Amino acid sequence: MRFVSIKRFSEMKKCSRETVYNAARRGYIEIDRSSGIPVIILNEKNLSWKPGQNIGRPKRRIIDFP
């Protein structure tokens, strides 16, 4: 198995570290924290994840009517 840090994984996926942590919190990717430092196992699930898949609520839009 191969491990990478959160910073390196975010560079690989061209997204922010916060996006990676949010995806891990929602269960889209797996983070191993047993060593004290969070690392990501490069398995099929984590490698197939795309940063745009974190779909949440739509943003609130303010509409002005004239």
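Colleague: Which backbone oxygen does the side chain of Asn 46 reach?

Modeller: The side chain of Asn 46 comes to 2.6 Å from the backbone oxygen of Ile 41. This is a polar contact (a pair of N or O atoms within 3.5 Å; within protein, one must be able to donate a hydrogen and the other to accept it, and residues adjacent in sequence count only if both atoms are side-chain atoms). Before we go on: this is a predicted model, where local features need pLDDT of at least 70 and side-chain atom pairs count only at pLDDT 80 or more, while totals for chains, interfaces and linings use all residues. Residues are numbered from 1 along each chain as its sequence is written, and side-chain values use heavy atoms, leaving out hydrogens and water.

Colleague: Is Asn 46 buried or exposed?

Modeller: Buried means under 20% relative accessible area, exposed over 50%, and partly exposed in between (1.4 Å probe, protein chains only). Asn 46 is buried because its relative accessibility is 0%. Asn 46 sits in helix H3, residues 44-48. Helices (H or I, at least four residues) and strands (E, at least two) are DSSP runs, numbered from the N terminus.

Colleague: Thanks! What is the strand order in the sheet?

Modeller: Strands of a sheet pair through backbone hydrogen bonds, either parallel or antiparallel. Here the open sheet has 3 strands in the order E1-E3-E2, with antiparallel pairing. E1 (3-5) and E2 (31-32) are the edge strands, each pairing on one side only. Two strands pair if DSSP finds at least two bridges between them; E2 and E3 (residues 39-41) have 2 bridges. Ile 31 has Ile 40 as its bridge partner in E3.

Colleague: How many aromatic pairs are there?

Modeller: Rings of Phe, Tyr and Trp (its six-membered ring) pair if their centres lie within 6.5 Å; planes under 30 degrees apart are stacked, over 60 edge-to-face, and the rest tilted. The count here is 1 aromatic pair. Phe 9 and Trp 49 are stacked, 6.2 Å centre to centre with 20° between the planes. Phe 9 is in helix H1 and Trp 49 in the segment after H3, 40 residues apart.

Colleague: Which residues make up the largest nonpolar core?

Modeller: A nonpolar core is a set of buried Ala, Val, Leu, Ile, Met, Phe, Trp, Tyr and Cys residues joined through side-chain atoms within 4.5 Å. The largest one has 10 residues: Val 4, Ile 6, Phe 9, Cys 15, Val 20, Ala 23, Ile 29, Ile 40, Leu 42 and Trp 49. H1 and helix H2 (17-26) are the elements giving two or more residues to this core. Phe 9 is buried at 0% relative accessible area, and Trp 49 is buried at 3%.
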